[in-house]
Amino acid sequence: MDDRNDHGSESSGSGSHTGQSQSGTRTRIGLDVGTSKVVSARGDNISPTTDSQLNAFFDVPYSALHEQGLKANRTPFYRENDRLIVYGDASEKFAHIFNANVRRPMAKGILNPSEPQATHVLETVLSTLVPQSRNPGELLAFSVPAAAPETGHELTYHEETIKRYLKGRGYTPLAVNEGLAVVLAELAKEGFTGIGISCGGGMCNVAISYLSIPSLTMSLAHGGDFIDASVGAVVNEPATRVKAIKEETLDLTREGGDKIDKALHIYYDKLIEQLVDELGKAVQKTPKLPRNDQPMPIILAGGTSKPNGFRDRFEKALRRRSWPFQVGEVRMASDPLTATARGALVAALAER
């Protein structure tokens, strides 16, 4: 028998951002539904308010004592039969304590088809960032990846599942390509013309845009999770621990270090080469590239792009190839972790 009771799943303190603002205009929300994190942005596109939650969970055996302990420590969880499901940011802490890996409701940018808890965990994580709409039909724009050969047939189910959940919360959902969202967040001064690249946990997404109109979208079904799992396998450490080390200490401008650091360098280089190679193949196949005589700026975003030195390594790999357009400045997003959510917010604000 299903015995669910969610504790701490509802957004707290977010209600002040919903409904109508002091100026009488309705609030818009942008949402980055990422494999590793879900990020929200609301307000305006100049100084939006952002928040995030880890898109992960960790389960422990049910007992009344365990349940009381989680409640006493205000740990977000729900009960599923004989298991207690700890979700969001708290799940990573549990994984570190038990030297294990968190579980993910999403894999490679979409709902994980092999994870029975996927839909409920994702909806529970979303509920911490998306309160019930106070104005029925309020617009909410959320990110979706470009179809990849490995995931294309499952993308429709992923997108429609999120749309149905958001409609149930009282919103009108608008899907926005993840790479295009990076362009919308960072290239307003360039007329939303350029290349947006989001390197996330499950995938890398790319969009080539001219005046906000995408001429090419593509994805690579590898990202930070690929690096973490690959390094964990060769150094015999949980991927969750590798991820923590990567986020805390990795510097791609410095060679050497211990075996984990060396392995991280190797797999970062592999990911960058794969991304540039797949982008090159996609560019060769598309007949719709804009004929633009100006150099195309490139924006890098997403948590996987954050380590120091990533931009330099990517640019070197990119400029070793020839392209049918001029490559302009390659730069990091102003905030790589929130760029996709902020770009989704721009798309939501544009809809009147």
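Hi everyone. Before we start, one term: when I say that residues meet, or are in contact, I mean that they have heavy atoms within 4.5 Å of each other. And please keep in mind that this is a predicted model.

Let's begin with two helices. Glu 92, Ala 95 and His 96 in helix H2 meet Thr 240, Arg 241, Lys 243 and Ala 244 in helix H7. What kinds of residues make up this contact of H2 with H7? There are two nonpolar, two polar and three charged ones.

As for the geometry, H2 covers residues 89-97 and H7 covers residues 239-249, and they pack at an angle of about 110°, with their axes 9 Å apart. Angles of 65 to 115 degrees count as roughly perpendicular, so that is the word for how H2 sits relative to H7. The crossing of H2 past H7 is left-handed.

On one side, S2 runs parallel to S10, residues 138-144, and three bridges join the two. Ile 29 has Leu 140 as its bridge partner in S10, and Gly 30 stands opposite Ala 141 in S10. With S3, S2 pairs in the antiparallel sense, over five bridges. Here Gly 30 turns up again, with Ala 41 as its bridge partner in S3. A hairpin of three residues links S2 to S3.

Is S2 buried or exposed? Five of its five residues are buried. Ile 29, Leu 31 and Val 33 are buried on one side, and Gly 30 and Asp 32 are buried on the other, so both faces of the strand are covered.

For contrast, let's finish with Ile 46, which is in the loop between S3 and S4. Its relative accessible area is 74%; the cut-off for exposed is over 50%, so Ile 46 counts as exposed. Between Ile 46 and Ala 185 there are 9.8 Å in space, C-alpha to C-alpha, although they are 139 residues apart in sequence.

Technical notes:
Residues are numbered from 1 along each chain as its sequence is written. This is a predicted model: local features need pLDDT of at least 70, side-chain atom pairs count only at pLDDT 80 or more; totals for chains, interfaces and linings use all residues. Side-chain values use heavy atoms; hydrogens and water are left out. Axes are lines fitted to C-alpha atoms, for helices over the stretch in contact, and angles run from 0 to 180 degrees between N-to-C directions. Helices (H or I, at least four residues) and strands (E, at least two) are DSSP runs, numbered from the N terminus. Angles under 35 degrees count as roughly parallel, over 145 as roughly antiparallel, 65 to 115 as roughly perpendicular and the rest as oblique. A crossing is left-handed if the near helix is turned anticlockwise from the far one by less than a right angle, and right-handed if clockwise. Ala, Val, Leu, Ile, Met, Phe, Trp, Tyr, Cys and Pro count as nonpolar, Asp, Glu, Lys and Arg as charged, and the others, Gly among them, as polar. Two strands pair if DSSP finds at least two bridges between them. Buried means under 20% relative accessible area, exposed over 50%, partly exposed in between (1.4 Å probe, protein chains only).
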